[in-house]
Amino acid sequence: MKRRERTRHLIELGGLVIKAKLDDLTSDDRTVLYGAFLALAAKLKGGEGAANVEVWRRTGKRAFDTEAEEIAARAGDVHRAYERGRR
C-alpha cells in the first residue's frame, strides 16, 4: 500500500472510532481502546468469528443507512427553508 493510500486508510479507520463515539466512551484512553480492539480480534479468531462478522456487518450497515437518511432529511429541510426564503 502506498503512503498516501495508507494515510487515507488510517484516517478512515480513526473516523470510525469517532463515529462510534469510542473516544468519548473511553475518555480517549488509548490503552482501553487497544484492549477493546484486541478483545475484538480474539473474538474474530474464535470459532464464531464468521457469525460475529455477519451480525456486526448488518449492524454497521443499518447505522450507515440511518445516518445517510438523517443527512438527506436535514439537507431536504435546509433546501425547503431556502426555497421558502426565496418566495
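**Entry 1. Fold**

In what order do the elements of the protein run from the N terminus on? I read them off as α-α-α-α. I counted four helices and zero strands in the protein. Helices here are DSSP runs of H or I with at least four residues, strands are runs of E with at least two, and both are numbered from the N terminus.

I note that this is a predicted model, in which local features need pLDDT of at least 70 and side-chain atom pairs count only at pLDDT 80 or more, while totals for chains, interfaces and linings use all residues. Residues are numbered from 1 along each chain as its sequence is written, and side-chain values use heavy atoms, with hydrogens and water left out.

**Entry 2. Overall form**

I looked up the extent of the chain next. The C-alpha atoms fill a box of roughly 60 × 30 × 30 Å along the principal axes. For the four helices and zero strands of the protein, the radius of gyration is 19 Å, well over the 12 Å that the globule rule gives for 87 residues, so the protein is more spread out than a compact globule. The radius is taken over C-alpha atoms, and the rule is 2.2 Å times the number of residues to the power 0.38.

How many of the 87 residues, in percent, count as buried? I found 8%. Buried means under 20% relative accessible area, exposed means over 50%, and partly exposed lies in between, with a 1.4 Å probe and protein chains only.

**Entry 3. Surface and charge**

I recorded an accessible surface of about 7700 Å² for the protein, with 59% of it belonging to carbon and sulfur atoms. Accessible areas come from the Shrake-Rupley method with a 1.4 Å probe, and for residues only the protein chains shown count as cover.

The protein has 19 positive and 14 negative charges, and their mean positions are 5 Å apart. Lys and Arg count as positive and Asp and Glu as negative, without His and the chain ends. Each charge is placed at NZ of Lys, CZ of Arg, CG of Asp or CD of Glu.

**Entry 4. Nonpolar patch**

Which residues form a nonpolar patch on the surface? I listed Tyr 34, Phe 37, Leu 38, Leu 40, Leu 44, Val 55 and Trp 56, with about 640 Å² of accessible area together. Two or more residues of the patch come from each of helix H3 (30–45) and helix H4 (49–86). H3 gives the largest share, five residues. Patches take residues with over 30% relative accessible area and no salt bridge; nonpolar side chains (Val, Leu, Ile, Met, Phe, Trp, Tyr) are joined within 5 Å, and like charges within 9 Å.

**Entry 5. Salt bridges**

How many salt bridges does the structure hold? I noted five. A salt bridge is a side-chain nitrogen of Lys or Arg within 4 Å of a carboxyl oxygen of Asp or Glu. Side chains of opposite charge can pair when their charged atoms come close.

Arg 8 pairs with Glu 12, with the closest N and O atoms 3.1 Å apart. These two residues are four apart in helix H1 (residues 3–19), and are thus separated by about one helical turn. Arg 8 is exposed at 58%, whereas Glu 12 is partly exposed at 42%.

Glu 54 forms a salt bridge with Arg 57, the closest N and O atoms being 2.7 Å apart. Both residues lie in helix H4, three residues apart, about one turn of the helix. I found Glu 54 partly exposed at 38% and Arg 57 exposed at 51%.

The side chains of Arg 30 and Asp 28 also meet in a salt bridge, at 3.5 Å from N to O. Arg 30 is exposed, with a relative accessible area of 60%.

**Entry 6. Positive phi**

Most residues other than glycine have a negative phi. Asp 28 sits in the loop between H2 and H3 and is partly exposed at 40%.

Lys 21 likewise has a positive phi, near 60 degrees. The place of Lys 21 is the loop between H1 and helix H2 (22–25), and Lys 21 is partly exposed at 49%.
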